[in-house]
Amino acid sequence: MEVESLARSLAEQPFCKALTQSQVEFLAGCAKNARFDAGEYLVREGSASESMFLIRSGTVALENYLPGRGSLKIDTLVPGDVLGWSVLLPPFRWHLDARALEPTLAFALDANCVRGKVQADHGFGYALTLRLLAAADERLTQARLQQLDVYKAELR
């Protein structure tokens with residue numbers, strides 16, 4: 001019963017819009033609700049990628065630690081964003097910190113479960129990988145635009 005209602009809620013996530021209903025129901029078997037208080041870390045750089053997150057509400061800062069400078073915010077995730085393509089990529093480690101900036105709700109998708117389902121159903125794996133690549137492309141484009149803005153500011 002709970003998986004059925006999770007599947008219904010997952011289907012409303014932008015990340016899942018291109019998946020079929022049966023693929024969403026398949027993915028729902030890996031999902032659970034997660035809540036983070038403001039300031040709480042969803043993931044830490046260097047730690048194992050144990051979950052992939054679909055942000056439902058709240059905002060999440062993606063940060064890199066720079067020696068001598070501390071944490072540098074590189075992006076902010078909002079409802080509808082996905083965090084976690086590293087769950088499919090060895091060595092299955094996070095390359096950044098993700099910290100809730102305000103109370104945040106997310107779907108947490110168990111990494112081992114997702115990897116198992118990708119291996120078990122290649123059609124599902126292909127569809128999920130396309131969605132993750134689209135999210136990665138969007139994030140890289142956004143980072144490029146931010147760099148252009150930084151260079152523009154330095155020229156003034």
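Which residue lies over the face of Phe92, and at what distance from the ring centre? In this predicted model, local features were taken at pLDDT of at least 70 and side-chain atom pairs at pLDDT 80 or more, whereas totals for chains, interfaces and linings use all residues. Residues are numbered from 1 along each chain as its sequence is written, and side-chain values rest on heavy atoms, with hydrogens and water left out. The residue over Phe92 is Arg115, at 4.1 Å from the ring centre; a charge is taken to sit over a ring if NZ of Lys or CZ of Arg is within 6 Å of the ring centre and within 35 degrees of the ring normal. The charged end of Arg44 likewise sits over the ring of Tyr41, 3.7 Å from its centre.

Neighbours within four places in sequence being left aside, Leu54 is in contact with Leu10, Gln13, Phe15, Cys16, Asp81, Val82, Leu105, Ala106, Phe107 and Leu109, contact meaning heavy atoms within 4.5 Å.

In helix 2, the buried residues (under 20% relative accessible area, with exposed over 50% and partly exposed in between, for a 1.4 Å probe and protein chains only) are Gln23, Val24, Leu27 and Ala28. Seen down the axis of helix 2, these residues fall within an arc of 145°, so they line one face of the helix; the arc is that of the directions from the helix axis to the C-beta atoms. Gln23 has a relative accessible area of 15% and, beyond its neighbours within four places in sequence, is in contact with Gly123, Phe124 and Ala127. Leaving aside its neighbours within four places in sequence, Asp75 is in contact with Val60, Ala61, Leu62, Arg139, Gln142 and Gln146.

Two aromatic pairs were counted, under the rule that rings of Phe, Tyr and Trp (its six-membered ring) pair if their centres lie within 6.5 Å, with planes under 30 degrees apart taken as stacked, over 60 as edge-to-face and the rest as tilted. The rings of Phe26 and Phe124 have their centres 5.0 Å apart and their planes at 90°, so this pair is edge-to-face. Phe26 belongs to helix 2 and Phe124 to helix 4, so the pair ties together parts that are 98 residues apart in sequence. Phe26 is partly exposed at 27% relative accessibility, whereas Phe124 is buried at 1%. For Phe36 and Phe53, the ring centres are 5.8 Å apart and the planes lie at 75°, so this pair is also edge-to-face. Phe36 lies in strand 1 (residues 31-36) and Phe53 in strand 3, so parts that are 17 residues apart in sequence are tied together. Phe36 is buried, with a relative accessible area of 9%, and Phe53 is buried with one of 5%.

Note on methods:
Helices (H or I, at least four residues) and strands (E, at least two) are DSSP runs, numbered from the N terminus.
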